Amino acid sequence: MKLDDVLISKAIIERFSAKLVDCLESDVAVVGGGPAGLVAAYYLARAGKRVILIERKTAVGGGMWGGGMMFNQIVVQQYGKAILDDFDVRTEPFAEGYYTADSIEAVSTICSKAVKAGARVFNLISVEDVMLSEGRVTGLVLNWSAVMTAGLHVDPLTIRTGFVIDATGHPAEVATLIERKSGEKLDTPTGVVIGERPMCAEAGERATVENTREFFPGVFAAGMSCNAIFGGPRMGPVFGGMLMSGKKVAELIMQRA
Ligand SMILES: Cc1cc2nc3c(=O)[nH]c(=O)nc-3n(C[C@H](O)[C@H](O)[C@H](O)COP(=O)(O)OP(=O)(O)OC[C@H]3O[C@@H](n4cnc5c(N)ncnc54)[C@H](O)[C@@H]3O)c2cc1C
């Protein structure tokens, strides 16, 4: 059979458009495909929720690919290991309570399981705004990352969703957007994004999980954004907190949705 170049294009355009139209309404929209966002998407999709994950870059995985300073190994504690076990990611004990995993295996496996569980991932798309109605976030405003990078004058599109997860890492982009544009207070001790504190792995890991919660009606923090929003310490290349936070946010939303 001879390959038809235009038929290839038609297949891509039709299938992608159908997927996008199908995702214009969802139960949960995860912003950011780092470890926290991917883990959240997996548990929510596995529970039957309609989950869409928006990732700005070409590849999901966020900061996990690079391990620590490009040494592509990650460290997790016992509770992080339990989540990696859930995903069938192999771990090796290093010292009492410390386990390592290959970051490439971790990202690729977690992503694969999330997609196979039913999460719909859209890469190369950025969240540039939220939709607000009666004091609650009801959707997201999306544009191609390339359009935003080039500063092109192209209007965005919108999606409606039940809950949003800000899993955008250090910049806490959803929280920052809401604070800047809504004029409303966030549910933090100061009413605004506090900003993360200096490195302390022990306190940072704890704070990430404790601060995994709703900070604005309809919007939850997960992963590193929790530390940025609530003023927790950064914690260096230990990833158990990110995994736990992704699982916790999924559980919190499942109690509500
Ligand atoms: C300069 C730098 C320093 C770091 N230092 C530390 C450190 O000291 N301690 C530490 O724990 N971690 C650090 N990290 C990040 C580290 O990799 C994280 O621990 C971990 O990856 C965070 O996981 P996460 O899932 O919360 O977010 P990330 O892995 O950061 O993933 C967030 C994802 O969200 C995407 N995203 C962001 N905004 C949008 C948007 N508007 N629309 C769509 N997608 C979006 C990003 O492209 C990214 O893929 C650092 C990262 C950077 C870049």
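Modeller: A helix axis is here a line fitted to C-alpha atoms over the stretch in contact, and an angle runs from 0 to 180 degrees between N-to-C directions. The model is predicted.

Colleague: By what are two packed helices described?

Modeller: Two packed helices are described by the angle between their axes and by the distance between those axes. Helix H3 (residues 78-86) and H9, for instance, pack at an angle of about 60°, with their axes 8 Å apart.

Colleague: Are H3 and H9 roughly parallel or oblique to each other?

Modeller: Angles under 35 degrees count as roughly parallel and 65 to 115 as roughly perpendicular. H3 and H9 are therefore oblique to each other. The crossing of H3 with H9 is left-handed.

Colleague: Which residues of H3 and H9 make the contact?

Modeller: H3 contributes Tyr79, Gly80 and Ile83, and H9 contributes Gly240, Leu243, Met244 and Lys247. By class, the residues of this contact are four nonpolar, two polar and one charged.

Colleague: At what angle do helix H2 and helix H9 pack?

Modeller: Helix H2 (residues 35-46) and helix H9 (residues 240-256) pack at about 40°, and their axes lie 7 Å apart. H2 and H9 are therefore also oblique to each other. Their crossing is right-handed.

Colleague: Which residues of H2 meet H9?

Modeller: On the H2 side they are Pro35, Ala36, Gly37, Leu38, Val39, Ala40, Tyr43 and Leu44. On the H9 side stand Met242, Leu243, Ser245, Gly246, Lys247, Val249, Ala250 and Ile253. The residues of the contact of H2 with H9 comprise twelve nonpolar, three polar and one charged.

Colleague: Are H7 and H9 roughly parallel or oblique to each other?

Modeller: Helix H7 (residues 201-210) and H9 pack at an angle of about 10°, with their axes 8 Å apart. H7 and H9 are therefore roughly parallel to each other. Gly204, Glu205, Thr208 and Val209 of H7 make the contact with Gly240, Gly241, Met242, Met244, Ser245 and Lys248 of H9. The residues of this contact divide into three nonpolar, five polar and two charged.

Colleague: How many residues surround the ligand?

Modeller: The ligand is surrounded by 30 residues, of which the closest are Gly34, Gly62, Gly63, Gly169 and Gly223. Their classes can also be counted: the shell has twelve nonpolar, 13 polar and five charged residues.

Colleague: Which element gives the most to the shell around the ligand?

Modeller: H2 does, with three residues. At least two residues of the shell come from each of H2, strand E2 (51-55), strand E7 (125-133) and helix H8 (224-230).

Colleague: In what order do the three strands of the open sheet lie?

Modeller: A sheet is read strand by strand. The order here is E3-E5-E4, and the pairing is antiparallel. Strand E3 (73-76) and strand E4 (92-95) are the edge strands, each of which pairs on one side only. From one strand to the next, the twist averages 35°.

Colleague: Over how many bridges do E4 and E5 pair?

Modeller: E4 and strand E5 (residues 98-102) pair over three bridges, in the antiparallel sense. Proline 93 has tyrosine 99 in E5 as its bridge partner.

Colleague: Which helix packs on the sheet?

Modeller: Helix H4 (residues 103-117) packs on the sheet and touches E3 and E5. The direction of H4 makes about 70° with that of E5.

Definitions and conventions:
Residues are numbered from 1 along each chain as its sequence is written. This is a predicted model: local features need pLDDT of at least 70, side-chain atom pairs count only at pLDDT 80 or more; totals for chains, interfaces and linings use all residues. Helices (H or I, at least four residues) and strands (E, at least two) are DSSP runs, numbered from the N terminus. Angles under 35 degrees count as roughly parallel, over 145 as roughly antiparallel, 65 to 115 as roughly perpendicular and the rest as oblique. A crossing is left-handed if the near helix is turned anticlockwise from the far one by less than a right angle, and right-handed if clockwise. Two residues are in contact if their C-beta atoms, placed from the backbone, lie within 7 Å. Ala, Val, Leu, Ile, Met, Phe, Trp, Tyr, Cys and Pro count as nonpolar, Asp, Glu, Lys and Arg as charged, and the others, Gly among them, as polar. A residue is near a molecule or strand if its C-beta atom, placed from the backbone, lies within 6 Å of it. Two strands pair if DSSP finds at least two bridges between them.
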